[in-house]
Amino acid sequence: MKIVEIKVLKGPNYWSVRRTKLIQMKLDLEEKEQMPTNEIPGFRERLEALLPSLIEHRCSVGTRGGFFERVDEGTWMGHVIEHIALEIQTLAGMDTGFGRTRGTGKDGEYYVCFSYMEEDAGVYAARAAVRIAKALIFNEPYSLDEDIQQLREIREDTRLGPSTGCIVDEAAKRGIPFIRLNKHSLVQLGYGVHQKRIRATIASTTGNIAVDIACDKEETKNLLGAAEIPVPKGDVVRTEEGLKSAIERIGYPCVIKPIDGNHGKGNTTNITDWEMALKAFAAAKVYGRSVIIEKYITGFDFRILVINYKFICAALRTPASVVGDGKNTIQYLIDETNKDPRRGYGHEKVLTQITIDQFTQKMLDEKNYTLNTVPAKDELVLLKPTANLSTGGTSTDVTDEVHPANIFMCERIAKIIGLDICGIDIMATDLRTPVTENGGAILEVNAAPGFRMHIEPSVGLARNVAEPVVDMLFPKGSAGNIPIIAITGTNGKTTTTRLTAHIAKTAGYKVGYTTSDGVYIQNQMMMKGDCTGPISSQFVLKDPTVDFAVLECARGGILKSGLAFQNCDVAVVTNISADHIGLGGIDSMEQMAKVKQVVPETVFKHGYAILNAEDDLVYAMKDGLQCNIALFSMDENNKRIIEHCKNGGYAAVFENGYITIMKGTWKIRVVKVTEVPVTYGGKATHNIMNCLPAVLSTYFWRNISIEDIKLALQTFVPSPAQTPGRLNMFQFKQFKFLVDFAHNPAGLELLCDFIGKMDGEPKVGIISGTGDRRDDDIKELGRISGRSFDEIIIRQDKNLRGRTAEEIVNLLVDGINETKTKDVPITIIYNEKEAIMHAYNTAKPGSLITIMCDVVAEALDLIKGLKEKEDMG
């Protein structure tokens, strides 16, 4: 039993559009294919002993214990591994529950798919589940605790913190998309020009000057003091002499802390003698040359949260501590406290477990205590110098107890510092009375306040503090979206994408679009190559200048990683034909249609899926969609079109020489095809077809008029710049060169239909076959070529994809010989450049030479160079 490959699906995918975060593991059971679980002695008992919580897995039975019933009946190891991977994640604090295990079509090989919360943890769970299954099969001892702890550590290292996470969750609830921009806490909310960013709890709306002030404790104190805000008396010192002088002025007890520290690092409180002061001074200087010494204010530690300059909530914070019972040691009391089911590792639960570290040891040393000391009954033993929840502290919500004067003061502090998200630390006896009257003081102002104490208080009401943050970033219900038109299918995707983007650009939008040639932002190429996957889509959606996205979404990206977006406004499916069948576990046209259907399944309910009414597999997609449906066809009398429009639907058709929108029983004639350059006077039938969904997808936008669409179609001129590798015609003095990226039988059929309508004799074809296609697919390219060309040159792609050049050539020749009706000379030249040069050097006057190019840019550059050379004489 071995893992063949692991893929991480991050968006809507072949297995599920709603459950978008999935691990897809290809697993080869090898000899275990012949060993279902009921034929492995003791397997059920060992599995239940190791993972008794699997009793909660209902599986297809639908009742508690359903999974174990399947194990007793006999199920295959891939299914068991799926459930183990889910359960060990759940035990590590990542509750997931969706899984699927299906055969790949190869005997003994399975796709094991299961959900994850953190990508690295999901991958680890996949590998660990296989190790666990092997140990259970062979009755070998296994330490499950090590895997659970490792998963916890991965989770804590990779997850968004609770503060950032709650903002992202709140945004997601409102339909605001998000993209994690790094492995830490930098997140983009919204797309394109409407995006906002957060890093932890600092927003892109937060002023840099305000953050700098808040990070400089001395400057913060000076500004607040000048505004008559109560702050502790203190000084900034750099030397021991300065420290001694400051203590003489301030007196004991005092506090020493770094001037620009955070999270309590380097802080020492309640310093009562010179020896303690020296140790505290050294600890603070670890974090910077300058150190603050302040009068120690007695009272309770409160945190006030102000967002968008409005008071939101308040919490009482208590450092990690235990209370003596007069009988047990401090270590025992810590262990008992950590048994609280609300305490967990890191941020997995409301409270964090208390750990013993140098700060704990230091505080015990100061009291001459050890972990074996038995404190007196009801004695409070503090174990951390600060009240951070991440070190085991607790919080109590006191929002409803805050005096109006304190609310006014805190809102004023946020304005004075300039922080739109602001955490204010107050030491006072309470907040029920004004701090100015009870002897309290403002200790710090935080530019990135933690939210955990408010969203998960130990005592009191939880407060949705993310809500006012998202309200501030996206006021008046804005979702931060930009229009997204996603285009998929087998052929015509790139031309349809370019046409759609050109229409939107003509209407005044700043368009970003992805194609099989590259990524473009406002017609400037940003990335080169096949850019039809999720990375390229995200590139567009992250660009802050883009206000309209047109995204070509190919099979490969969907299968490898899923889509880059959760929802789109319009999805176009051009067609489904027999290309890439047999690759990536897709062995039939029906399966390929399911892959492509992922795209229209993401359309918003108010959006449109635009489907090819002439393609049975595409048309059938409408039955599973929750959005509006629009259709297109080259035949206005198509029965599906007639029925759809009779029911008030929209369609785009080719009728009486026009590209026409049908709106119910009405017709809107957009433009004559003879006025559309990309159709070559109507001869390029497939490009008329490509125009139809492009016209319909842009018609649905209020800001795009029929006049915009017509102008765009009239100005979209096929050329190496506008449509590289798509019907690029070069007129030489004696002959013509046509360059096209037709790379599958359906595409070549359409290309040859166009060639048949063009002048030029003889018609020469430079063809090739792709090595990872089925034998018959390669032969079919030969068959089409045999009946379409007068002469054929066979070349080879740079990457043969698992075949020899001779195999591909033989299949092409076999296909040519099946259909040719006359003698068709065949020349074999493997190198594409040499094949082009041979055709150029031997071209007969009046001939039309067509090349199915492999590397579009290289072929175009070569032919453009030859044309320029001829033009220059």
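Select helices α4 and α5 (residues 144-158) first: their axes come within 9 Å and cross at roughly 170°. Axes here are lines fitted to C-alpha atoms, for helices over the stretch in contact, with angles running from 0 to 180 degrees between N-to-C directions. That angle makes α4 roughly antiparallel to α5, the term for angles over 145 degrees, while under 35 counts as roughly parallel, 65 to 115 as roughly perpendicular and the rest as oblique. Helices (H or I, at least four residues) and strands (E, at least two) are DSSP runs, numbered from the N terminus.

The model is predicted, with local features needing pLDDT of at least 70 and side-chain atom pairs counting only at pLDDT 80 or more, whereas totals for chains, interfaces and linings use all residues. Residues are numbered from 1 along each chain as its sequence is written, and side-chain values use heavy atoms, leaving out hydrogens and water.

Next, display the side chains between these two helices. From α4, Asp120, Ala121, Tyr124, Ala125, Ala128, Arg131 and Ile132 meet Leu144, Asp147, Gln150, Leu151, Ile154 and Thr158 of α5; contact means heavy atoms within 4.5 Å. This contact comprises eight nonpolar, two polar and three charged residues. Nonpolar covers Ala, Val, Leu, Ile, Met, Phe, Trp, Tyr, Cys and Pro; charged covers Asp, Glu, Lys and Arg; the others, Gly among them, are polar.

Now turn to the sheet. It is open, has four strands in the order β1-β2-β4-β3, and its pairing is antiparallel; two strands pair if DSSP finds at least two bridges between them. The edges are β1 (2-9) and β3 (99-103), each with a single partner strand, so one side of each has no neighbour in the sheet. On average, neighbouring strands are turned by 15° against each other, direction ignored.

Zoom in on β3 and β4 (residues 109-115), an antiparallel pair with five bridges. Opposite Phe114 in β4 stands Gly99.

Finally, select α9 (residues 240-250) and α10 (residues 274-285), whose axes come within 11 Å and cross at roughly 130°. This makes α9 oblique to α10. Show Glu240, Leu243, Lys244 and Ile247 in α9, which meet Trp274, Ala277, Leu278 and Phe281 in α10. Six residues of this contact are nonpolar, none polar and two charged.
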